[in-house]
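Subject: Structure handover

Hello,

Here is the structure I said I would pass on. My notes on it follow below.

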Amino acid sequence: KKLIVAASCALALIAGGAQAQERSLRIAFDVPYEPFEYKDENGELTGFEVELAEAMCEEMNADCEFVIQSWDGMIPGLLARKFDLIMSSMSITPERAERVLFSEPYYNTPGGWFGPESFNTDVTDMDAMKGKTVGVQRGTTMDTHVTENMGGIVTIKRYTTADDMVLDLEGQRLDVVFVDYPVGEQTILPKEGFKEVGEPVKLGEGVGVAMRKRDADIAEKVNAALRTLKEDGTYDTIMQKYFAY
Ligand code: ARG
């Protein structure tokens, strides 16, 4: 059974002095990030990673609690023990792997470029991109990519949440956004007047569950559960539900 608590409430749990072994596993999601994690029309937390997390917890025979955490506080929150696992489409990168322990990858997502029908600029042509305004979610691999490759050329607008970024694209306050491909595909393309405007870019080595380095025992269970779910077809069933177009 899942219980959603705000990240700050999770702290109270720790303060309550529960034993680590008795405490449930707290898993953090940044929403909305459809189709990975978002709230449905009834306000229920759902999505590919939410269902994968549920199946994983069942497989591990663990009590799990779901925590909503904004993306910019993900790794700090994990290290501060506000929660125990991150399942928020976090791409595996060498920089992050210095601070957290990643499970085996359970998904792959490139960065995708999305803009209005009228956008006809080659996003890899830096002369043509000069002065354009690009939206990214702050602290993501897309942010890093744009900052490193287009810094000083384009105006970078960084957003705390992906939905605020999409709103600014709709409001014509952005020329283009760079976001995990499935998010653009499912939240931008269905809107009237938008299209994909460039080739997807591979960023990171897949998406994994992030944990504290000292929690190697949890990582072992997580990896074993993910393997079982891939073998027994559960993973494919969940995948098809959220990525069948
Ligand atoms: N995959 C990207 C990264 O690792 C973005 C993930 C953002 N996830 C989210 N739930 N908002 O940086």
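**Helices α2 and α9**

In α2, the residues A55, M56, E59 and M60 meet K221, V222, A225, L226, T228 and L229 in α9. Being in contact here requires that the C-beta atoms of two residues, placed from the backbone, lie within 7 Å. The residues of this contact divide into 7 nonpolar, 1 polar and 2 charged. Ala, Val, Leu, Ile, Met, Phe, Trp, Tyr, Cys and Pro count as nonpolar, Asp, Glu, Lys and Arg as charged, and the others, Gly among them, as polar.

Helix α2 covers residues 48-60 and helix α9 residues 216-231; they pack at an angle of about 110°, with their axes 9 Å apart. The axes are lines fitted to C-alpha atoms, for helices over the stretch in contact, and angles run from 0 to 180 degrees between N-to-C directions. The two helices are therefore roughly perpendicular, a term for angles of 65 to 115 degrees (under 35 is roughly parallel, over 145 roughly antiparallel, the rest oblique). Helices (H or I, at least four residues) and strands (E, at least two) are DSSP runs, numbered from the N terminus.

Please keep in mind that this is a predicted model: local features need pLDDT of at least 70, side-chain atom pairs count only at pLDDT 80 or more, and totals for chains, interfaces and linings use all residues. Residue numbers start from 1 along each chain as its sequence is written.

**Domains and ligand**

The protein is divided into domain 1 (4-107 + 206-243) and domain 2 (111-196), with bounds from an automatic or database domain assignment. Their C-alpha centres lie 27 Å apart. Domain 1 gives 11 residues to the contact and domain 2 gives 13. On the side of domain 1 that touches domain 2, the residues divide into 5 nonpolar, 4 polar and 2 charged.

Both domains also supply the shell around the ligand, with at least three residues from each. Of the 15 residues around the ligand, D30, Y33, S88, S91 and T140 come nearest; a residue is near if its C-beta atom, placed from the backbone, lies within 6 Å of the molecule. The shell consists of 5 nonpolar, 7 polar and 3 charged residues.

**Helix α6**

Which residues of α6 are buried? In this helix (residues 141-150), they are T141, M142, D143 and V146. Buried means that 20 or more other C-beta atoms lie within 10 Å of a residue's own, exposed that 12 or fewer do, and partly exposed in between, with C-beta atoms placed from the backbone. The buried residues of α6 pack against β8 (111-116), β9 (133-137), β10 (155-159) and β11 (176-180). After α6 comes G152, with a positive phi near 85°.

**Backbone points**

Two cis peptide bonds are worth a look. One joins V31 and P32, with omega about -5°; the other runs from E34 to P35, with omega near 10°. P32 lies in the loop between β2 (25-29) and β3 (38-39), and P35 lies in the loop between β2 and β3.

S89 is a residue other than glycine with a positive phi, near 60°. It sits in the loop between β6 (85-86) and α4 (94-97) and is buried, with 25 other C-beta atoms within 10 Å. Q172, not a glycine, has a positive phi of about 60°. Q172 is in the loop between α7 (162-170) and β11 and counts as exposed, with 10 C-beta neighbours inside 10 Å.

Regards
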